Amino acid sequence: MSRFALLVLVVVAAACGGGDGTTTPPPPVSVAIAPGTATVNPGATADFTATVTNAGNTAVTWTASAGTLTTVGTGATWTAPVAGGSYTITATSVADPTKSARAEVTVPSVGVSVTPAATSIGAGDTLALTAAITNTSNQGVTWSATAGTIAVSYTHLAGDSQMTL
């Protein structure tokens, strides 16, 4: 073999890398969701955004343990159920369905307090009661009594309703 042919052979072998034949795997696909936690009143909405990294396809599928989702691409608007509790919103990568992220959402129970809480009145007397509603934008109240009659009037104090027996 000539010196020229041997030199070409060495140059070609060096250009091939001469390594051990392994390649570095691409970084794994990951999914993040924001916000990761939220508190949403019953019937109210919250917006969530998913971010997929290390994938050419950044699309996600959305699911919710309850409530309703309206989705557009990597964004979702969730409407909370009326019942209080803990719920989960999940974004799953379309490129790698084994990768997902969750948001934990708390829906507080609707609160109703009546003032005065307890009292006694005589026959024919009247009593004004006020209801205060919390954790919802729906401030409507339905009154009932086991005896007597109910006349309902509304005050201008933050949407509270007042009942007169």
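Predicted model: local features only at pLDDT ≥ 70, side-chain atom pairs only at ≥ 80, totals over all residues.

Biologist: Which elements does the chain contain, and in what order do they run?

Modeller: The chain has one helix and 12 strands. From the N terminus on, the order is α-β-β-β-β-β-β-β-β-β-β-β-β.

Biologist: Why are β1 and β5 said to stand at the edges of their sheet?

Modeller: The sheet in question is open, with four strands in the order β1-β3-β6-β5 and antiparallel pairing. Strands β1 (30-34) and β5 (68-72) each have a single partner strand, so one side of each is left without a neighbour in the sheet. On average, neighbouring strands of this sheet are turned by 25° against each other, direction ignored.

Biologist: What makes β2 and β4 edge strands?

Modeller: Four strands form an open sheet in the order β2-β8-β7-β4, with mixed pairing. Strands β2 (37-39) and β4 (60-64) are the edge strands, for each pairs on one side only. The twist from one strand to the next averages 20°.

Biologist: How do you know that β7 and β8 count as paired?

Modeller: The requirement is again at least two bridges. Eight bridges join β7 (residues 85-93) to β8 (residues 100-107), so they count as paired; their directions are antiparallel. Tyr-87 has Val-105 in β8 as its bridge partner.

Biologist: Which residues touch the most other members of the largest nonpolar core?

Modeller: They are Ile-33, Phe-48, Trp-62, Trp-78 and Ile-89, in a core of 21 residues. At least two residues of this core come from each of β1, β3, β4, β6 (75-79), β7 and β8. A second, separate core has six residues, among them Leu-129, Ala-131, Ile-133 and Trp-143. In soluble globular proteins, nonpolar side chains tend to be buried together.

Biologist: Why is Ala-131 called buried?

Modeller: Buried means under 20% relative accessible area. Ala-131 has 2% relative accessibility, and therefore counts as buried. Ala-131 lies in strand β10 (residues 128-134). Its C-alpha atom is separated by 4.5 Å from that of Val-114, 17 residues apart along the chain.

Biologist: What makes Thr-136 buried or exposed?

Modeller: The cut-off for buried is under 20%. At 16% relative accessibility, Thr-136 falls under it and therefore counts as buried. Thr-136 is found in the loop between β10 and β11 (151-154). Leaving aside residues up to four places away in sequence, Thr-136 touches Asn-41, Pro-42 and Val-110.

Biologist: How many residues does the chain have, and what percentage of them count as buried?

Modeller: The chain has 165 residues, of which 24% count as buried. It exposes about 10,500 Å², and carbon and sulfur atoms supply 58% of that area. Among contacts in the chain with a separation of 6 or more, 50% come from residues 24 or more positions apart.

Notes. Residues numbered from 1 in each chain as written. Heavy atoms only, no water. Axes fitted to C-alpha atoms, helices over the stretch in contact; angles between N-to-C directions. Buried < 20%, exposed > 50% of the residue type's maximum accessible area, 1.4 Å probe, protein only. Contact = heavy atoms within 4.5 Å. Areas by Shrake-Rupley, 256 points an atom, 1.4 Å probe, with all protein chains shown as cover. Core = buried A, V, L, I, M, F, W, Y, C linked by side-chain atoms within 4.5 Å.
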